[in-house]
Amino acid sequence: MERPEHTAKNNPTENFNLYDETRVPPQLFHTLYEVGKKLEYNGRVHEGIRKSDGQKVFIKFVERQQRGEPSESPEFFSDEITTMLTLQKLPTCDHVIQFYDWFVMKDDDVLVMEYPHPSVTLAEFIKSKKGHLTEDMARRIMWQLADGLRHCWDRGVFFLSEGQLLINPDTLQLKINFSCEAKCLGEGVKLSHAPFFYFVMNALIKAIRRPFWKKTVSRECVRLLKRLRPKGKRPVYTLENISHDPWFAGMKENETCRKK
């Protein structure tokens, strides 16, 4: 039997057509992808290989809420598929993990996503630096995070933990990893993202300023942290202000990677 043409998005910036009749039938999932070892920290998420080109991917299995005959009509989609399709709307963002393909099975929805490699979590990154983390490195990471959060904000999506931030230790490229849980919160996202930005920045700066490293940070950095610190129910500073803060002066526009 001739192997079917691979239909996953080689260029994930393309818009998905929810009603694309040319999509590969779900029965052929295992013909297109090889499912590898389970990633323990990510629930039912596995490493995988796209057979057409050998590319590493995340493969996530989500138990279907509506059992029975599979359907690719949107009302049968899991929240995860709906969220990933929402995030994939143009313009996409290089700092948010890309969604390549999905399959609606009898018992599970299967999501195929970008697998940034090499990458480590935020906590692993901080631990690995052990005194070699600098303010410039922190600024580059936070600039990317601000761009990724704005992308999510614009689409009403919020993710739930710092463990969902993946960093390439060689290039410092940041990716928000949605192989973990995410939620569509609508307007609530505006109040949720700024405190999260503060939490991540504070963790990075604390790692720089540990007494035994004998390092200091700039006044602009300290001021931004103070502005971001939540007071009461609302943060003093919001994501709308962050990209214009003096701490980010000199950051190039091309560091903000959005694709049309």
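## Ground rules

The model is predicted, so a local feature needs pLDDT of at least 70 and a side-chain atom pair counts only at pLDDT 80 or more, while totals for chains, interfaces and linings use all residues. Numbering starts from 1 along each chain as its sequence is written, and side-chain values use heavy atoms, with hydrogens and water left out.

## The open sheet

Let's start with the strands. Five of them form an open sheet in the order β1-β2-β3-β6-β5, with antiparallel pairing. Strands here are DSSP runs of E with at least two residues, helices are runs of H or I with at least four, and both are numbered from the N terminus. Two strands pair if DSSP finds at least two bridges between them. In general, strands of a sheet pair through backbone hydrogen bonds, either parallel or antiparallel.

At the edges sit β1 (33-38) and β5, each pairing on one side only. From one strand to the next, the twist averages 30 degrees; the axes are lines fitted to C-alpha atoms (for helices over the stretch in contact), and angles run from 0 to 180 degrees between N-to-C directions. Strand β3 (residues 55-63) is joined to the antiparallel strand β6 (residues 108-114) by seven bridges. V62 has D109 in β6 as its bridge partner.

## Two nonpolar cores

A nonpolar core is a set of buried Ala, Val, Leu, Ile, Met, Phe, Trp, Tyr and Cys residues joined through side-chain atoms within 4.5 Å. Buried means under 20% relative accessible area, exposed means over 50%, and partly exposed lies in between (1.4 Å probe, protein chains only).

The largest core has 60 residues, and L145, F197 and M201 have the most contacts inside it. Helix α4 (residues 135-154) gives the most to this core, with ten residues. Setting aside neighbours within four places in sequence, L145 is in contact (heavy atoms within 4.5 Å) with L165, L174, I176, F196, F197 and V200. A second, separate core has eleven residues, including F29, L32, F103 and V112.

## Aromatic pairs

The structure holds eight aromatic pairs. Rings of Phe, Tyr and Trp (its six-membered ring) pair if their centres lie within 6.5 Å; planes under 30 degrees apart count as stacked, over 60 as edge-to-face and the rest as tilted. One of the pairs is F29 with F103, edge-to-face at 5.2 Å centre to centre and 65 degrees between the planes. F29 lies in helix α1 (residues 29-32) and F103 in strand β5 (residues 99-104), so this pair ties together parts that are 74 residues apart in sequence. F29 is buried at 0% relative accessible area, and F103 is buried at 1%. Together with Y33 and F61, F29 and F103 form one aromatic cluster.

W247 and F248 form a tilted pair, with 5.1 Å centre to centre and 55 degrees between the planes. W247 is buried at 2% relative accessibility, as is F248 at 3%.

## Charges over rings

A charge sits over a ring if NZ of Lys or CZ of Arg is within 6 Å of the ring centre and within 35 degrees of the ring normal. R50 lies over the face of Y100, 5.2 Å from the ring centre. The charged end of K56 sits over the ring of Y115, 5.1 Å from its centre.

## A loop residue

E162 is found in the loop between β8 (157-159) and β9 (165-167), and E162 is partly exposed at 32% relative accessible area. Not counting residues up to four places away in sequence, E162 touches L122, F196 and F199. The C-alpha atoms of E162 and L122 are separated by 6.6 Å, although these residues are 40 apart along the chain.
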